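Subject: Structure handover

Hello,

Here is the structure for your files. My notes follow below it.

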Amino acid sequence: MTYVELIVVLSIFATMTSIVMFNYGDFQQKIYIRNLTSEIALKIVEAQKDAMSGKKPPQYTPPGWRPAYGVSFGSYAYLGASEGTMDMVYYADLDKNNDFSDGYCRLPPVNSAECMDMLTLTNGNRISNLEVFPNGLGTSVSVENLSITFERPYSRAVFASSYGGDPAFVEITIVSPNGISGKIRVHATGRIEI
């Protein structure tokens, strides 16, 4: 009788272990996408904070002048970039055009003019969609590139994209190879949601 009970208990334990191990990969992907989404949202918040505080970039700027700061999503050429990747660039808007205008990003020791930092998505994760929502309506317009800029003394977000209008909010979608996704919504008022 004890051998039968032992075999039943071991089979139950083996079944539960296989179920847990099968779901572990999806759990890890969910955690990774959640962390990546939070990291991107924190970079947007950092741009907002740096703009409002009047942080001076390391590049030369005239005395008393404070640049706007922002993040830009798109395909940027940099050393070692693979074709078709979409990156996020954190930049100081030195030319005050509300957009990342360098077109490339080289980090130290050779900086481009506006580029302050860059995030390249790895492990097959990608930004699947950049959407602009005009007037807060439920319909959206997909865009190829998107810049979100904050200028002192306001916490409002200024959007630059191929859409050209003044949207109520934008949404950035990050997707893992398994199809697990995370979304960041940035409102024109400056509110940021995950």
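I12 counts as partly exposed because its relative accessibility is 47%; buried means under 20% relative accessible area, exposed over 50%, and partly exposed in between, with a 1.4 Å probe and protein chains only. This is a predicted model, in which local features need pLDDT of at least 70 and side-chain atom pairs count only at pLDDT 80 or more, while totals for chains, interfaces and linings use all residues. Residues are numbered from 1 along each chain as its sequence is written, and side-chain values use heavy atoms, with hydrogens and water left out.

I12 is in helix 1 (residues 2–53). Together with V4, V8 and M16, I12 forms a nonpolar patch on the surface, with about 380 Å² of accessible area in total. Patches take residues with over 30% relative accessible area and no salt bridge, joining like charges within 9 Å and nonpolar side chains (Val, Leu, Ile, Met, Phe, Trp, Tyr) within 5 Å. A salt bridge is a side-chain nitrogen of Lys or Arg within 4 Å of a carboxyl oxygen of Asp or Glu. Accessible areas come from the Shrake-Rupley method with a 1.4 Å probe, and for residues only the protein chains shown count as cover.

Helices (H or I, at least four residues) and strands (E, at least two) are DSSP runs, numbered from the N terminus. Of its 194 residues, 37% count as buried.

There are three aromatic pairs in the structure. The Y69 and Y90 rings are stacked, because their centres are 6.0 Å apart and their planes are at 20°. Y69 lies in strand 1 (residues 68–74) and Y90 in strand 2 (residues 87–93), so this pair ties together parts 21 residues apart in sequence. Y69 is buried at 0% relative accessible area, and Y90 is buried at 3%. Another pair, Y91 and F100, is tilted, with 5.6 Å centre to centre and 50° between the planes; both residues are buried. Rings of Phe, Tyr and Trp (its six-membered ring) pair if their centres lie within 6.5 Å; planes under 30 degrees apart count as stacked, over 60 as edge-to-face and the rest as tilted.

K43 lies over the face of Y90, 5.0 Å from the ring centre, and the charged end of R185 sits over the ring of F133, 5.9 Å from its centre. The criterion is NZ of Lys or CZ of Arg within 6 Å of the ring centre and within 35 degrees of the ring normal.

Regards
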